[in-house]
Amino acid sequence: MSSVEIDVSVVFSSAANFIQSNVSNVRQRSFLLDALDSLQNEMSQEAYLPFIHIPMFIYGAIRDELSSAYPLAVTTTLLFLGIDIIDDLADGDDRKFWDGYSRDEINLAAMLLLCSLPQLSISRFNISPKSKNGLHQTLAESFLLMGSGQQFDLGFTKSSHVTVDEVEKSVIAKTGEELALFASLAANYAGATKKQVKHYTEFARHLGTAIQFSTDCYDLFEASYSRDLTHGTRTLPIVFHLERKKSGEREVFIRELAEAERDVNCHENLRMQLRASGDLHRVAFVIELYCRRALNALDKAHPKELAKIKLLNFVDFVSLLRKRATNNYQKAEETEAVQRL
Amino acid sequence: MSYENVGRLVDKWLNDEKFRQQLRRDPKETVRGCNANLSKEEQEMLNSIDWSLSDEILKTRINLAFG
């Protein structure tokens, strides 16, 4: 492979051009372009964008080149944006670029991003009609699984009875399945065998699950403001903590969670309790387990070497506890950050 | 998925300084000696961990990965 570097700005500008060329309604087009712009700005500091890098590297791992994967990355970017908007609507996380648009309009825009634009993009891929059909089927089946995951999730908010098992299944069915979808589209687009598609999909599902648990940890333990505590979202560290509490203490903690929804000043106390009880470490081990599963699945897929290294680096990036033998840049950055603490 | 077995080991790691020192010296033997009834996958995972990690490093990694 001549280059394993991905130019993310090309993906975003191609996606913007796609929206410009295909969305005729001016107001809808404007909203979608603002949404895309906002996503690009938010992600500008990130080393890895899962919805671009994972599908493109998987394509590269099969075909040993990346340049043909840009149309695929445009599709997965549109899908990611649609899912992101739906999630924000469900969580009540209003975004700046929503100003001036009604919730109905935002819903409609999300629908275009999930049910129309990606399908149009796929229809223009330079592959056989049978392969295109396969991609559409993959999309439909995946949405059914993600819808089921989201349904679970809606039942867990503010709940005092959710179990670790239930949270895990919900995360696998949502974020895990989202990344699995992108991987499956990539592997099928690249003409992979059924076995390869299965292994790459599993790799991405496990990695997506690890990423979500890691993001939940960041929200709870490191972000200046915890959206999950404010929304009453029951993430893994919280449920681990609840499951280990005795009956009376459990009720006290649930009351504290309810208070944290109303008052951000209560967040630090909850964080201290969760940190002191070791729940951050417990979740770190679960993340590690999913990273290990991702690595085992990747191994079975027999990826081509240069893209394989990129995929391994991605897992290393997500992993919190693995030895960092090769990623010297990240080691240096880490050492510096700890010295600043 | 039950994390009982891994959870017990995590508890030991968090609360037992002697166990932590043993893990730093010889992680494979220490994990094997735990009789923690771990699956092959859990064993592989535990063997790949950097047991010298402090809380500060863990927090930094969360920040760097998804900050």
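Start with helix α4 of chain B, residues 40-47. Its buried residues are B:E42, B:M45 and B:L46. Buried means under 20% relative accessible area, with a 1.4 Å probe and protein chains only. Helices are DSSP runs of H or I, at least four residues, numbered from the N terminus. Seen down the axis of α4(B), the buried residues fall within an arc of 95 degrees, so they line one face. That arc is taken from the directions from the helix axis to the C-beta atoms. These residues pack against α14 (279-301) of chain A, plus α1 (4-15) and α3 (27-33) of chain B. Contact here means heavy atoms within 4.5 Å.

A word on the source. This is a predicted model: local features need pLDDT of at least 70, side-chain atom pairs count only at pLDDT 80 or more, and totals for chains, interfaces and linings use all residues. Residues are numbered from 1 along each chain as written, chains are lettered from A and ligands numbered from 1 in written order, and side-chain values use heavy atoms, without hydrogens or water.

Now pockets. A pocket is an open set of points on a 1 Å grid over the protein atoms alone, with protein on both sides within 12 Å along at least five of seven lines; lining residues have an atom within 4 Å of a point. Of its 49 lining residues, the closest to the centre are A:F80, A:D84, A:D87, A:Q212 and A:T215. Which helix gives the largest share of that lining? α8(A), with eight residues.

Key:
Buried means under 20% relative accessible area, exposed over 50%, partly exposed in between (1.4 Å probe, protein chains only). Helices (H or I, at least four residues) and strands (E, at least two) are DSSP runs, numbered from the N terminus. On a 1 Å grid over the protein atoms alone, a cavity is a set of points where a 1.4 Å probe fits but cannot get out, and a pocket is an open set with protein on both sides within 12 Å along at least five of seven lines; lining residues have an atom within 4 Å of a point.
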